[in-house]
Amino acid sequence: GEGVFVKRPSGAATVKVLLQGQVRANGFFRPLQSGVNLVSSPFPLPLTPRQNGFNDPAPGFLASTNLNAADQFQLYQSGAFRIFYLLDHPSQSDPWRETVPGSPDYSDTPLFAPENAAFLRRNQPSQSNFIPLPWTPIPP
């Protein structure tokens, strides 16, 4: 899933956008570049960071106790950006935490709505970000 960023002039009328196409029936690899990537939910339902492949060790997401050294994503909600980073935790699997004190692990929280995009900041590129199919198909 790739995202689209639209900036409307202030005072512009509300516009509805209709997206058409087929829902993919398979998991896939999403290449990620070092630096900022604009990503979205590749399926028409909310996804968690884990469902987006962000907890998979294969793409080499970088965890750190230093917010600026860790990989992070930013979601625009209610007029502001919420920033999440991959915390290098000493006794748990590395959780995605928000940058507010006492933040819980958001790895399994459906933060990625199908109608929104997020900025994903990577420290290194990866061709291994696999996004599995988030449901089990019913055989014909």
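This is a predicted model: local features need pLDDT of at least 70, side-chain atom pairs count only at pLDDT 80 or more; totals for chains, interfaces and linings use all residues.
Student: How do E3 and E6 pair, and over how many bridges?

Tutor: E3 and E6 pair in the antiparallel sense, and four bridges join them. Two strands count as paired if DSSP finds at least two bridges between them. The strands are DSSP runs of E with at least two residues, numbered from the N terminus.

Student: Can you give me one partner pair from there?

Tutor: Glutamine 74 has phenylalanine 119 in E6 as its bridge partner.

Student: OK. In what order do the strands of the open sheet come?

Tutor: The order is E2-E6-E3-E4-E5, five strands with antiparallel pairing. E2 (35-40) and E5 (96-98) are the edge strands; each has a single partner strand, so one side of each has no neighbour in the sheet. On average, neighbouring strands are turned by 30 degrees against each other, direction ignored. That angle is taken between lines fitted to C-alpha atoms, with N-to-C angles running from 0 to 180 degrees.

Student: What actually holds strands side by side?

Tutor: Strands of a sheet pair through backbone hydrogen bonds, either parallel or antiparallel.

Student: How many bridges join E2 to E6?

Tutor: Six, and these strands run antiparallel. Serine 40 is found opposite alanine 117 in E6.

Student: And how many join E4 to E5?

Tutor: Three bridges, again antiparallel, with E4 covering residues 80-86. Tyrosine 85 has arginine 97 in E5 as its bridge partner.

Student: What about E3 and E4, how many bridges there?

Tutor: E3 and E4 run antiparallel and are joined by six bridges.

Student: Changing topic. Which residues have the most contacts inside the largest nonpolar core?

Tutor: Phe73 and Phe112, in a core of 19 residues. Strands E3 (72-77), E4 and E6 (117-122) each give two or more residues to this core. A nonpolar core is a set of buried Ala, Val, Leu, Ile, Met, Phe, Trp, Tyr and Cys residues joined through side-chain atoms within 4.5 Å.

Student: What does phenylalanine 73 touch?

Tutor: Leaving out residues up to four places away in sequence, its contacts include Pro49, Phe54, Trp96, Leu111 and Phe112. Contact here means heavy atoms within 4.5 Å.

Student: Which way do the side chains of E6 point?

Tutor: They alternate along the strand.

Student: How many salt bridges does a search of the whole structure find?

Tutor: Three. A salt bridge needs a side-chain nitrogen of Lys or Arg within 4 Å of a carboxyl oxygen of Asp or Glu.

Student: What does arginine 50 pair with?

Tutor: Arginine 50 forms a salt bridge with aspartate 108, with the closest N and O atoms 2.6 Å apart. Arginine 50 is in the loop between E2 and E3 and aspartate 108 in the loop between E5 and E6, so the pair ties together parts 58 residues apart in sequence.

Student: And which residue meets aspartate 71 in a salt bridge?

Tutor: Arginine 122, at 3.6 Å from N to O. Aspartate 71 lies in the loop between E2 and E3 and arginine 122 in strand E6, so this pair ties together parts 51 residues apart in sequence. Aspartate 71 is buried at 0% relative accessible area, and arginine 122 is buried at 2%.

Student: Last one: what is the salt bridge partner of arginine 82?

Tutor: Glutamate 98, with the closest N and O atoms 2.9 Å apart. Arginine 82 is in E4 and glutamate 98 in E5, so parts 16 residues apart in sequence are tied together. Arginine 82 is partly exposed at 23%, while glutamate 98 counts as buried at 12%.

How values were computed:
Residues are numbered from 1 along each chain as its sequence is written. Side-chain values use heavy atoms; hydrogens and water are left out. Buried means under 20% relative accessible area, exposed over 50%, partly exposed in between (1.4 Å probe, protein chains only).
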